[in-house]
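Okay, everyone, thanks for coming. Let me put the structure up, and then I'll walk you through a few spots on it.

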Amino acid sequence: MPARRARLNLVTVFLWVFGGAILALAAWGAYLTLSEGRISPSAWQSLIVAGVALGSVYALIALCYTLVYGILFMINFAHGEVFMWGAFTAFFAATALNDGGMIDASPVLAFFLTLLTSMLVSMLVAILLERIAYRPLRNAPRLVPLITAIGASLFLANTARGFFGSQSRGFGVPEALDGTWTIFGVEVDRIQVVVLITVIVAVTVLSLFVAKTKTGKSMRAVAADGEIASLMGIRVDRVIVTTFAIGGLLAGVAAVLFSITFESVSFTMGFRPGIAAFTAAVLGGIGSISGAALGGVMLGLLQSVGPALILTGYGIPSSFQLKDAFTFLVLVLVLIFRPGGLLGSSEAEKV
């Protein structure tokens, strides 16, 4: 026992030294960048605004991870592909509306029809995923649903590739959302403002739904103890399907906003946002709605501002292409210093 305790102490010391070294290197790189003035104030403003917009999309997807984890204590790694199917649906719906002339005649109505179609298809994919892939394995060890989620992710991605092809498709920006607004002296793209407002509304409505409605209370009861909840008359299967349906609806919203922001869709588009959203959920405290929103915005800021702030000081070219490295770096640091996330427990959960 003393030898094992000594090994654990050595591992802990190594992890803290490793994490401290990363933070020191990041701080030194930021000092070099700021002291040399390599980036103008207007460029910093653009990076911050873009980071908040990107983080808001991550927050919408992270809400889905945190809802499913709160109910089933599993990570739905196939959710990025649910998001991707919503994006492709939005693309074809927008194309059909454009060919019919509705986008020019009534752009607001066309946008909401595109959004509604994406939400419904993403919800349907999420419900089918739960019914076919996850429900039969509900009482299996936790590793089994995790492997199943990875397999479902690959299946959905390659199915989309078979139906829609491997090439990226351009997604046009509606005229009403094209251009910029000036807010407090800062020029902000209209779509970025819409994304931020959408996330604020989604987090508020979802929090009130979980806290105040009968279904929300049932979700909290199932999250606390599914067996006791079923004995109290709560239909656990219905609650779980509702959870996946809500996650699918949010994924559909995120898919449209992401596609308009980056103006393209592809069968691989769900992987990176999915991993980033999972990291955001862990960063904020997986299982916490407000934590998922906070983690998403923080991660978006880190991906947008971090490469320019830290790597520019070291003279690394094309630093923005390394933004995905920041995603995994943040995940590692959170797991080392605060496994429960910013708004979660400071203790790591045993699984």
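Let me start with what I mean by a patch: residues with over 30% relative accessible area and no salt bridge, where like charges are joined within 9 Å and nonpolar side chains (Val, Leu, Ile, Met, Phe, Trp, Tyr) within 5 Å. The accessible areas come from the Shrake-Rupley method with a 1.4 Å probe, and for residues only the protein chains shown count as cover. And a salt bridge here is a side-chain nitrogen of Lys or Arg within 4 Å of a carboxyl oxygen of Asp or Glu.

Quick word on the source: this is a predicted model, where local features need pLDDT of at least 70, side-chain atom pairs count only at pLDDT 80 or more, and totals for chains, interfaces and linings use all residues. Residues are numbered from 1 along each chain as its sequence is written, and side-chain values use heavy atoms, with hydrogens and water left out.

So, the nonpolar patch. On the surface you'll find V11, F14, L15, W16, F18 and V332 grouped together, with about 560 Å² of accessible area between them. Which helix gives the most to this patch? That's helix 1, residues 2–36, with 5 residues. By helices I mean DSSP runs of H or I, at least four residues, and by strands runs of E, at least two, all numbered from the N terminus. L15 is one to look at, sitting in helix 1. With a relative accessible area of 32%, L15 is partly exposed. My scale is this: buried means under 20% relative accessible area, exposed over 50%, and partly exposed in between, with a 1.4 Å probe and protein chains only.

Next, the salt bridges. How many are there? The count comes to 3. As a general point, side chains of opposite charge can pair when their charged atoms come close. Let's take E130, which is buried because its relative accessible area is 1%. R135 makes a salt bridge with E130, and the closest N and O atoms are 3.2 Å apart. R135 itself is partly exposed, at 21% relative accessibility. E130 also meets R138 in a salt bridge, at 2.6 Å from N to O. R138 is partly exposed too, since its relative accessibility is 28%.

Then R138 goes on to D237, with the closest N and O atoms 2.3 Å apart. That pair links distant parts of the chain: R138 is in the loop between helix 5 and helix 6, D237 is in helix 10 (residues 236–262), and they're 99 residues apart. D237 has 36% relative accessibility, so that one counts as partly exposed.

R142 and M74 are 68 residues apart in sequence, but 7.0 Å apart in space, C-alpha to C-alpha. R142 is partly exposed at 43% relative accessibility.

Now the strands. Strand 2 (residues 180–183) and strand 3 (residues 186–189) run antiparallel, joined by 4 bridges; I call two strands paired if DSSP finds at least two bridges between them.

D189 is in strand 3, and D189 is partly exposed at 35% relative accessibility. E263 is in the loop between helix 10 and strand 4 (264–265), and has a positive phi near 60° without being a glycine.

Last one: F73, in the loop between helix 2 (41–72) and helix 3 (79–99). F73 isn't a glycine either, yet has a positive phi of about 55°. That's my tour, thanks.
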